[in-house]
Amino acid sequence: MSAPDFQLKGSTVTVVVLELHRYAPEEFSAQLEARIRQAPQLFEGSPVVISLESLDVDHPEVDFEALLTQCRALELRPIAFRALPPRFSAAAAATGLAVLPPGTARGRNIPSREAAPAAAEPEPAVELHTESSPQRPGSRPTRTITRPVRSGQQIYAEGGDLIVLAQVSEGAEVLADGNIHIYGALRGRALAGVHGDASARIFCQNMDAELISVAGHFLLSDALTESVHRKPAQVALQGDVLNVSAL
Amino acid sequence: MAKIIVVTSGKGGVGKTTSSAAIGTGLAQRGHSTIIIDFDVGLRNLDLIMGCERRVVYDFVNVINEEATLNQAMIKDKRTDNLYILPASQTRDKDALTEESVAKVLEELKERFEYIICDSPAGIEKGAQMALLFADEAIVVTNPEVSSVRDSDRILGILQSKSLRAREGQEPVKEHLLITRYNPARVNAGEMLSVADVEDILAIPLLGVIPESQDVLKASNQGEPVILNSEAAAGQAYSDAVERLLGKAVEHRFVDEERPGFFKRLLGGRA
């Protein structure tokens, strides 16, 4: 049997959601253009989901074709409607776009550059925010290493957590902006929260580190007590003191 | 399909060349056509260990520079069939080796041999990296002491980041641990790391444990690979290692302290 030409996979992407509160064609274009002008690179060619969740219940019929044309004219690429009221389904289906159920995840507002004057203005008819549905808000990328980290190697998980499924050898260094989890022996150096995250922690199966550090506070191997040495342990910052405790 | 095996260690003087000679000879003895290449350009040693130093006319660098053909440079071993040696140059340095030229020579050798053993120089610089670049498998030679083990760990990291297999995202280089100069009595006395300690630190499969022995030095000085001495414990240990390299399960010997027999104790003889 020959290999298939394709594979179907589930995936999650972060998209811009355009949450429509009201639709008045002239105002819409003007407001959207003003909003996009604040960060043109962010929106250019960007896929957009049009959400009708916060549209007034008794809002008159929306001309979807006109709405899409206006979006496309401003370089947005509408891909779907979300939370479509049943009375609009026929009109929306005619546009050929996908229809998604109401979102469950909380979106993150794209900050407006002119926050103060915007607050004084009447509520804008359009709100843009990015959203990545199954991920929890604020979740960060995790780097996973499956092979031993050898002497002389340095692994850095930028902006997130680091998971090492093997050992970290003497003379090796692992760093992360977030937490570090090591499911083997830690014999080298581990530095968590290297950009100052004091809540970051280090977890390992076998604590035999040369140096451990959280947010710049560090301990050397001779500071490790008998109760944690070569045992499962975690490292956390409490105030200004780095605490190593058995797991 | 020809297999390229690098014998490497990071640290010098741990027995890379001795092991290359023994394992290459062992593979040839078992009917596999084998060539051992000395990558230690400038510090040629393999020819001495193999006892063919007087027959070196052309060398690896001559072949690289196309001043000689492979056939002219390869030396056929006189004791073992199927075995050839490609000596290093004593008068050049490691800069004589370039990636393209080494690749070209290895491609040619792959057509003719089943096993290509690359005897790496010490260190982690260009010479050592060139020796491991094209490897399919690696034999990491380690003495049971902390600095050798740490250097081996370093070279393992380089194998997994700088080899062609790593660079092209292929299946990683297969790693084997070979512990040499092992002395169970000194391990029991707490003067040496045990096999278990070394395995724990390096976390790669154990290919063999070669006992510390006068026979190894004697064999080197006589230019006869120690594996040819089937009476010697070290020779037997290398034979076992070759069997394991070929995929056979052989129990590890020479790992525990030998209790002197009654007559030996009576006569005060030494093992």
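Leaving aside neighbours within four places in sequence, Ser213(A) is in contact with Ala190(A), Leu191(A), Ala192(A), Ile202(A), Phe218(A) and Leu242(A). The model described here is a predicted one. Ser213(A) lies in strand S14 of chain A, which covers residues 211–214. With a relative accessibility of 5%, Ser213(A) counts as buried, because the cut-off for that class is under 20%.

Chain A as a whole contains 5 helices and 17 strands. Of the 247 residues in chain A, 41% are buried. Among the contacts in chain A with a separation of 6 or more, 42% are between residues 24 or more positions apart.

Six of the strands of chain A build an open sheet, in the order S7-S9-S11-S13-S16-S17, and the pairing in this sheet is mixed. From one strand to the next, the twist averages 20 degrees.

The pairs at the two ends of that order can be described in turn. S7(A) pairs with strand S9 of chain A, residues 161–164, in the parallel sense, and 4 bridges join the two. Within this pair, Thr144(A) has Ile163(A) in S9(A) as its bridge partner. Strand S16 of chain A, residues 233–238, runs antiparallel to strand S17 of chain A, residues 241–246, and is joined to S17(A) by 6 bridges. Here Val235(A) stands opposite Val244(A) of S17(A). The hairpin of S16(A) and S17(A) has 2 residues between the strands, and Gly239(A) in this hairpin adopts a positive phi near 65 degrees.

In chain B, two helices pack against each other. Helix H6 of chain B, residues 126–133, and helix H7 of chain B, residues 146–162, have axes that come within 10 Å and cross at roughly 55 degrees. That angle makes H6(B) oblique to H7(B). The crossing in which H6(B) passes H7(B) is right-handed. On the H6(B) side, Gln129(B), Leu132(B) and Leu133(B) take part, and they meet Ile155(B), Ile158(B), Leu159(B) and Lys162(B) of H7(B). The residues of this contact comprise 5 nonpolar, 1 polar and 1 charged.

Two further residues of chain B are placed in helices. Arg165(B) belongs to helix H8 of chain B, residues 164–167. Residues up to four places away in sequence not being counted, Arg165(B) touches Ala135(B), Asp136(B), Gln170(B), Glu171(B), Pro172(B) and Val173(B). Ser220(B) is part of helix H11 of chain B, residues 214–222. On the same exclusion of residues up to four places away in sequence, Ser220(B) touches Thr18(B), Leu48(B) and Ile49(B). Ser220(B) is also 9.7 Å from Leu46(B), C-alpha to C-alpha, although 174 residues separate the two in sequence.

The table gives the relative accessibility of the residues discussed individually.

| Residue | Relative accessibility | Class |
|---|---|---|
| Ser213(A) | 5% | buried |
| Arg165(B) | 19% | buried |
| Ser220(B) | 18% | buried |

Arg165(B), at 19%, counts as buried because the class takes in values under 20%. Ser220(B), at 18%, is likewise buried.

Definitions and conventions
Residues are numbered from 1 along each chain as its sequence is written. Chains are lettered from A and ligands numbered from 1 in the order in which they are written. This is a predicted model: local features need pLDDT of at least 70, side-chain atom pairs count only at pLDDT 80 or more; totals for chains, interfaces and linings use all residues. Side-chain values use heavy atoms; hydrogens and water are left out. Two strands pair if DSSP finds at least two bridges between them. Axes are lines fitted to C-alpha atoms, for helices over the stretch in contact, and angles run from 0 to 180 degrees between N-to-C directions. Angles under 35 degrees count as roughly parallel, over 145 as roughly antiparallel, 65 to 115 as roughly perpendicular and the rest as oblique. A crossing is left-handed if the near helix is turned anticlockwise from the far one by less than a right angle, and right-handed if clockwise. Contact means heavy atoms within 4.5 Å. Ala, Val, Leu, Ile, Met, Phe, Trp, Tyr, Cys and Pro count as nonpolar, Asp, Glu, Lys and Arg as charged, and the others, Gly among them, as polar. Buried means under 20% relative accessible area, exposed over 50%, partly exposed in between (1.4 Å probe, protein chains only).
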